[in-house]
Amino acid sequence: MSTDLLAGKRHAGRNTIYVVAEEDGLALAKRFDGPDVDRDRRFSNTVDWEKVQAIRGDDFSPRLLRTDPVERRVWFPYLDSAETLQSQIEGRTSWSAVSDVLRDCGRRLGDVHSLTGQSLILDLFTARPALSEPPDPLAMFHAISGQQYAEASGGELECWALFHHDHELRSALQAWMEDQGQDPAIAPIHGDLRPDQFLIDGSRVHIIDWEEWTLGPTTRDLAGMVGALVFDALHGAFVRAAAATGGVGEVHANVLARAGEALAEVSVATGAFLEGYAAASPHPVDPVRLGRAIGWALLERVLARAVFSHRLTTIDKAVAGIGRQALIDPDSATALVHQEAEDVPA
Ligand SMILES: Nc1ncnc2c1ncn2[C@@H]1O[C@H](COP(=O)(O)OP(=O)(O)O)[C@@H](O)[C@H]1O
Ligand SMILES: [Mg+2]
């Protein structure tokens, strides 16, 4: 199960989304773009997810209206009064103001992860074609090819220079990936969870965009969510600190203090999400596994940003350093999960 752990990354512009007027209301149409094999895979996953969510007769996401397998398109009812969790977070007055909705979102994810032991899920999962060339996610930590070098952005080359001699990080990543094969908490997971995949419609929480769902370690979904919250909190704190001190050099000097403050602040949000999750999921949260997975989520975000930039900022390096430390050191990993809560206005 560990081969696809780091695969299936999202790329901006993979899908085309548009809203269309239909006889009985608005529909959201989604066309899967990209290389054939990959868009077929994402199209089939989306269609299969309908069968999984039908198991308990509980809709986790709006039901598919229809599909077009030739053009790889799908249509959903468009929820025009809904808002993503991401936009609620961005518009918050404080973390406490969004902790109820975060708790509900955690509970909803716990419901998904309790869809276990169903032979249908296993059948759908095992019927998937194997990837012909499984990606080697650790490749860039050893070396990059001439072609990769030629195509890399300045930011990516800097990342590579940072990680390439880092044997400690490489073995921590290797151990972490192997450990996921031992993780007992396996369930149907979303596989690409972030706050913009939750759609809030009044009191109803939908989880959308199931193109990467799989049978895998539940920690991965938790780390997707908590990692996104932690990344934004660290980034926001460092950017504010840089603006206040007049330069990233000074931020670097007290980066650990800033990181501690940011983590304490966001723990109101991550704590609420995890509390809701624990109330609904049959799988206990393992703080070391979760912390390490958050560590990877932070590194992954820095790598993803580097693709589009000429250089790695001091802030990105600081975030990467925190991610790296969480992967290497269990105490540092649990510190990303448990912090003293401290609510301050946004
Ligand atoms: N059924 C829907 N009703 C209203 N808005 C939706 C619906 N589905 C998706 N959206 C909006 O479109 C965005 C992208 O949809 P999503 O399925 O997540 O596609 P992508 O693969 O591009 O992330 C979502 O973040 C949400 O804002
Ligand atoms: Mg999405």
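**Close-up views of a helix pair and a sheet**

**View 1. Packing of helix α8 against helix α13.** In this predicted model, helix α8 (residues 167-180) packs with helix α13 (residues 314-328) at an angle of about 60°, and their axes lie 9 Å apart. That angle makes α8 oblique to α13, since angles of 65 to 115 degrees would be needed to count as roughly perpendicular and those under 35 degrees as roughly parallel. The crossing in which α8 passes α13 is left-handed.

**View 2. Residues in the contact of α8 with α13.** From α8, the contact is made by E168, L169, A172, L173 and W176, while α13 contributes R324, L327 and I328.

**View 3. The open sheet of four strands.** The strands follow the order β1-β2-β4-β3 in an open sheet, and their pairing is antiparallel. At the edges stand β1 (15-22) and β3 (66-68), each of which pairs on one side only.

View 4. Strands of a sheet pair through backbone hydrogen bonds, in either a parallel or an antiparallel manner. Here β3 and strand β4 (residues 73-77) take the antiparallel sense, and their pairing extends over three bridges. In one bridge that can be followed in this close-up, R66 has W75 of β4 as its partner.

Terms used: Residues numbered from 1 in each chain as written. Chains lettered and ligands numbered in written order. Predicted model: local features only at pLDDT ≥ 70, side-chain atom pairs only at ≥ 80, totals over all residues. Axes fitted to C-alpha atoms, helices over the stretch in contact; angles between N-to-C directions. Helix = DSSP H or I, 4+ residues; strand = E, 2+ residues; numbered from the N terminus. Parallel < 35°, antiparallel > 145°, perpendicular 65-115°, else oblique. Left-handed = near helix turned anticlockwise from the far one by under 90°. Contact = placed C-beta atoms within 7 Å. Pairing = 2+ DSSP bridges.
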